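User: I would like to go through the labels used for this model and check each against its cut-off. Please start with the terms.

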Amino acid sequence: MEDTAMDTTAVVEEVVEVAQLSLATDFTAFTFWVASAVMFMGAAFFFMERFTVKKEWQTSLSVACLVCLVAFWHYLYMRAGYMGELSYQEAGSSPTELRYVDWLITVPLQIVEFYLIVAAVTAVSLGLFWKLLAGSLVMLVGGYMGEAEHVSHMTGFIIGMVGWVYVIWLIWAGDAAKAAAGAKNENVAFAFNGIKWIVTVGWIIYPIGYYMGYIAGDGTEVAGLNSLYNLADVVNKFLFGLVIWHAAMRDSGVSKA
Amino acid sequence: MEDTAMDTTAVVEEVVEVAQLSLATDFTAFTFWVASAVMFMGAAFFFMERFTVKKEWQTSLSVACLVCLVAFWHYLYMRAGYMGELSYQEAGSSPTELRYVDWLITVPLQIVEFYLIVAAVTAVSLGLFWKLLAGSLVMLVGGYMGEAEHVSHMTGFIIGMVGWVYVIWLIWAGDAAKAAAGAKNENVAFAFNGIKWIVTVGWIIYPIGYYMGYIAGDGTEVAGLNSLYNLADVVNKFLFGLVIWHAAMRDSGVSKA
Amino acid sequence: MEDTAMDTTAVVEEVVEVAQLSLATDFTAFTFWVASAVMFMGAAFFFMERFTVKKEWQTSLSVACLVCLVAFWHYLYMRAGYMGELSYQEAGSSPTELRYVDWLITVPLQIVEFYLIVAAVTAVSLGLFWKLLAGSLVMLVGGYMGEAEHVSHMTGFIIGMVGWVYVIWLIWAGDAAKAAAGAKNENVAFAFNGIKWIVTVGWIIYPIGYYMGYIAGDGTEVAGLNSLYNLADVVNKFLFGLVIWHAAMRDSGVSKA
Amino acid sequence: MEDTAMDTTAVVEEVVEVAQLSLATDFTAFTFWVASAVMFMGAAFFFMERFTVKKEWQTSLSVACLVCLVAFWHYLYMRAGYMGELSYQEAGSSPTELRYVDWLITVPLQIVEFYLIVAAVTAVSLGLFWKLLAGSLVMLVGGYMGEAEHVSHMTGFIIGMVGWVYVIWLIWAGDAAKAAAGAKNENVAFAFNGIKWIVTVGWIIYPIGYYMGYIAGDGTEVAGLNSLYNLADVVNKFLFGLVIWHAAMRDSGVSKA
Amino acid sequence: MEDTAMDTTAVVEEVVEVAQLSLATDFTAFTFWVASAVMFMGAAFFFMERFTVKKEWQTSLSVACLVCLVAFWHYLYMRAGYMGELSYQEAGSSPTELRYVDWLITVPLQIVEFYLIVAAVTAVSLGLFWKLLAGSLVMLVGGYMGEAEHVSHMTGFIIGMVGWVYVIWLIWAGDAAKAAAGAKNENVAFAFNGIKWIVTVGWIIYPIGYYMGYIAGDGTEVAGLNSLYNLADVVNKFLFGLVIWHAAMRDSGVSKA
């Protein structure tokens, strides 16, 4: 009889151990909560504010909303999984795969924002749209294939970097940069520069994380990067949208600052 | 006593095995997550953007929203079922029946879009609406009856194909094609052609899946087609709506591209 | 020890048996899913479209939305109960009581639509509103009292039929019919006739179900009527609203067909 | 071994007993479902319709929405608790405390409606707002303190009655009545009179329930009052808002009746 | 065999003990419910009303909505955790960490309201925005670091107080006060003064709670402060937004009082 009783006790202790995953002492858990709430807030904010700006800017804010909304959707599961609330994920383990699903959708959405904000004030060739989309998809598919080991970690890294460098070139010197300059609109310039810097500097965290996790490291350090990813998302997703929102409000004549 | 203990252990191991259904290595699971998030995003996007286009196009975007919304609703259960989160479905099994419920509703919605986008700019006979609806329903009821074995697999396939061919004829040469041409509106022409190609090429995946699963195969290969169905839905439901949205934005004078 | 093991096995088998309630072979389960999704879709559609029609018609579409929304709310529980997901309902059993809650709310909502669509284009006495409401409430309270055995099945049936016949009279020859004719508006006439036929022909299913279940039968056949109820709801709730929506779009000058 | 088996059986029987809490035979359960659905419907209705009336009336309808929304929120838990779905509440037991939370929020919201509907058409002193709010809070805090035994049942009752009588005086003869008369607007008069009668007659159920439960009775009869409370809420919350909505639609020139 | 039976009994008794956490006798539980419902109501109210005020004020109300929405999100978990509904939190324990996540987001949102309401009527330097944001973040990060023991409790307290004093100075005498005075708008003055007093007086509860819990006390008294925090949130979050809403309605010409 004692075997059964002990067996039961073991299960109970495991549950208690999960309960030890404290928000006060586990900084990563803390950042999962923060990022979840900021994504929720961002989705609600851009949804409401899109109705305030003029029609030409509404799609840009709709997309800013979608970025936070899709991220919130995945954070619901990522946070719950990390906290040990999901039956099929161990508490404290890294939800890297869900991040890839999120990135696969939100990153192209953000990259096409470069097109959308310029298109809000002037006519831009749809070709630019497709170039930006293609660059961002190469970046992500490379990363996913390396991570899932369909190709070697290094091959996936190189493919992904090619896509990223192409996007960087487009927005600093290529067609996107030229289109933005051609718009001759100070609000577009403000937003374009703002998100250009976020994509260039803020997104470095993602290839660094990949490199440290899969090439320099052995795939286990990725878990340690979760806090960094969570805080980076607050900047790279919410602040990203906020920059566009500010330009939209000024260009619509609502905000004077 | 050991019998009980072993019994418990077996259950635990089964749970662990479910946990093995990893997003990183199970590509099908990955596509279930992607399709769910894209459907969610699409529903939110078309909902917001409908308020930006002019009134004549708003119903078209409402319907584009409904297609993604209804699909999202079913993907909530399809993804959860595949992941093993639902008590009455085995992890990794195929939720084909839920797909049929989804198709039964979303496919007619999409087919009547051919009518709605033309009706946005010119008067069109309601007769065309009913023809498109009838064709799509024949297509689906045939498929369902064959799949549920109310008729033989081949009979269901033939009935379904008759409906599909009729719809294809309507949009390439019949009343729908004529109405679109008669509208003499470049934006309607753009959207009509876009969704015509999606229905013609993109939807081939559905009869192929049926044929391979039930006629060439024995009903078990259907599971292997899930990734294909999931990715096809991203194109056939979200991109489908995006084409209509683009035409609506241009025809409303909001987008210049 | 084996007793315990067997006991556990019995529970597992029961769960598996629930899992047998397959969407592919259980047509009733299939219709529960279809009706749920259609109600969800209808609620979302009429919610969005109400902002497109002119103010006089917006309340009519709000009410069309409410009918589907309240039905969706109850279908959430009816579908889950039938599928065996709720702890207090056996899989495959009939959720007749929840249908009564739904009918008690949605049927009066629909009956007052006769008043609302006429009031959208002309001044109508509030007296008509109260007559329609009273008729529909008599119809439902009779049915509920008979079903819950507060009165005999036959007495409840007769009370309910009196209410129904009164409503039928109002909309075919009485005050409602006169008010509709007096509006001299082809769109109101279209919608009024459409929902008049739905109430007259489509709703016959409900007294038939009651009669067969409680008077000709013994209260157990009701379960077999669930598919019929589910499909009838698609027509009687969603199509009902669609007829009103079509008239509203034409009368608002948005739709030309 | 049999002990364990019997133990398991006992649990199963308890679950089955919960299942006996049938909607068909338990009228109180039936009213919990009805009230929940009506509150949901009311929240959705007033939310939609607020966008149809003119700006001056929109806040009145927002508040009508909030009353139903907050009530719906609490009914989610009250219904579930009564049905035995919540782990910490016994099936069939009375959720009186949750009602107090609901009343503490919704009752002041309703009382300030007297101020809001007059303020929609004329300038009214904010002092009236504070008097109405104060009266309603005295009414509720008295009731809560008596119910939670911070003061004696009778003391709590007397404090609560003082607040209620003060509100009644305000709306029949005091500042609120004078402000309404001064507005010289037939729609305001209609709404003011309608909700005045609801507050005067319809709300009597609450002090009666308290008196019977805690002063004449011993605190256990309260459970029997749940059906009455549920049906009273349908009138006192939904019909209350409907009266205001009707006046708002007429005063905005949308409704002609 | 009896050991197993007893084990089961122990579990059942624990569940029953949780059930003892009664809303009627546990005032803290009562305030968790009240605060949750008020936050829900506030989010819905400011969301609806933002569409009523003029564009310049809409962002202020969007932010008022976000404050309540983010708080509601966290209260969902804080209330559930306190009630013992979450597997990883003991019933009756204090959810202090979740409060910090909430404050980290909602406090800066509120502080930037000082900027937003002035910016609604006149051009204000973005520098003020950054000063207010910086002050509020210093206040919160200091508190969090002390609470999580990254620095000593006293050091964290001092850092936090520096941020708070800086914000107080900004709104009473510094740039914010000057900008508000410069706007020469009585509605802005009303709102600015209202929220200035709330931040100065109402927020004192937070440093007092920290001081009593971690410096004067030993970290366990914090639990006793939960009722106070919950009721303070009703004032500091909902009333805070209401003051801004009132000014916005008057400045938009909708409200006359």
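Analyst: Contact means heavy atoms within 4.5 Å. Helices (H or I, at least four residues) and strands (E, at least two) are DSSP runs, numbered from the N terminus. This is a predicted model, in which local features need pLDDT of at least 70 and side-chain atom pairs count only at pLDDT 80 or more, while totals for chains, interfaces and linings use all residues. Residues are numbered from 1 along each chain as its sequence is written, chains are lettered from A and ligands numbered from 1 in the order in which they are written, and side-chain values use heavy atoms, with hydrogens and water left out.

User: What covers the buried residues of α8(C)?

Analyst: The cover includes α3 (55-83), α4, α6 (153-172), α7 (175-183) and α10 (226-251) of chain C. Buried means under 20% relative accessible area, exposed over 50%, and partly exposed in between (1.4 Å probe, protein chains only). In α8(C) the buried residues are Asn187(C), Val188(C), Ala191(C), Phe192(C), Ile195(C), Lys196(C), Ile198(C), Val199(C) and Thr200(C). As background, an α-helix has 3.6 residues a turn, so residues three or four places apart point the same way.

User: How do you know what span is expected of helix α8 of chain C?

Analyst: The expected span is 1.5 Å times one less than the number of residues. Helix α8 (residues 186-201) of chain C has 16 residues, for which 22 Å is expected, and the reach from first C-alpha to last is close to that, at 22 Å. Helix α4 (residues 96-119) of chain C has 24 residues and reaches 34 Å, close to the expected 34 Å.

User: Where is the kink in α4(C) centred?

Analyst: The kink is centred on Glu113(C) and amounts to about 30 degrees. The bend at a residue is the angle between axes fitted to the seven residues ending there and the seven starting there. As for cover, 23 of the 24 residues of α4(C) are buried, so the helix is mostly covered.

User: Why is the relation of chain A to chain B that of a five-fold axis?

Analyst: Chain A can be laid on chain B by a turn of 72 degrees and a shift of 0.0 Å along the axis, with an RMSD of 0.0 Å. That is the relation of a five-fold axis. The copies use different surfaces, as 8% of the contact residues of chain A recur in chain B. Superposition is by least squares on the C-alpha atoms of residues with pLDDT of at least 70 in both copies. Chain C is laid on chain B by a turn of 72 degrees and a shift of 0.0 Å along the axis, with an RMSD of 0.0 Å. There, 9% of the contact residues of chain C recur in chain B.

User: How many aromatic pairs are there over all chains?

Analyst: Rings of Phe, Tyr and Trp (its six-membered ring) pair if their centres lie within 6.5 Å; planes under 30 degrees apart count as stacked, over 60 as edge-to-face and the rest as tilted. By this rule the count over all chains is 140. One of them is Phe157(A) with Tyr211(A), at 5.6 Å centre to centre and 55 degrees between the planes, which makes the pair tilted. Phe157(A) lies in helix α6 (residues 153-172) and Tyr211(A) in helix α9 (residues 205-216) of chain A, so the pair ties together parts 54 residues apart in sequence.

User: Are Phe157(A) and Tyr211(A) buried, exposed or partly exposed?

Analyst: Phe157(A) has a relative accessible area of 17% and is buried. Tyr211(A), at 38%, counts as partly exposed.

User: Why is the pair of Phe114(D) and Phe192(D) called edge-to-face?

Analyst: The planes of Phe114(D) and Phe192(D) stand at 70 degrees and the ring centres are 5.2 Å apart, so the pair is edge-to-face. Phe114(D) is in helix α4 (residues 96-119) and Phe192(D) in helix α8 (residues 186-201) of chain D, 78 residues apart. Phe114(D) is buried at 1% relative accessible area, and Phe192(D) is buried at 4%.

User: What makes Arg79(A) count as lying over the face of Trp33(A)?

Analyst: A charge sits over a ring if NZ of Lys or CZ of Arg is within 6 Å of the ring centre and within 35 degrees of the ring normal. Arg79(A) lies over the face of Trp33(A), at 4.2 Å from the ring centre.

User: Why is Lys184(B) called exposed?

Analyst: Lys184(B) counts as exposed because its relative accessibility is 76%. Lys184(B) lies in the loop between α7 (175-183) and α8 (186-201) of chain B, and has a positive phi of about 45 degrees although it is not a glycine. Most residues other than glycine have a negative phi.
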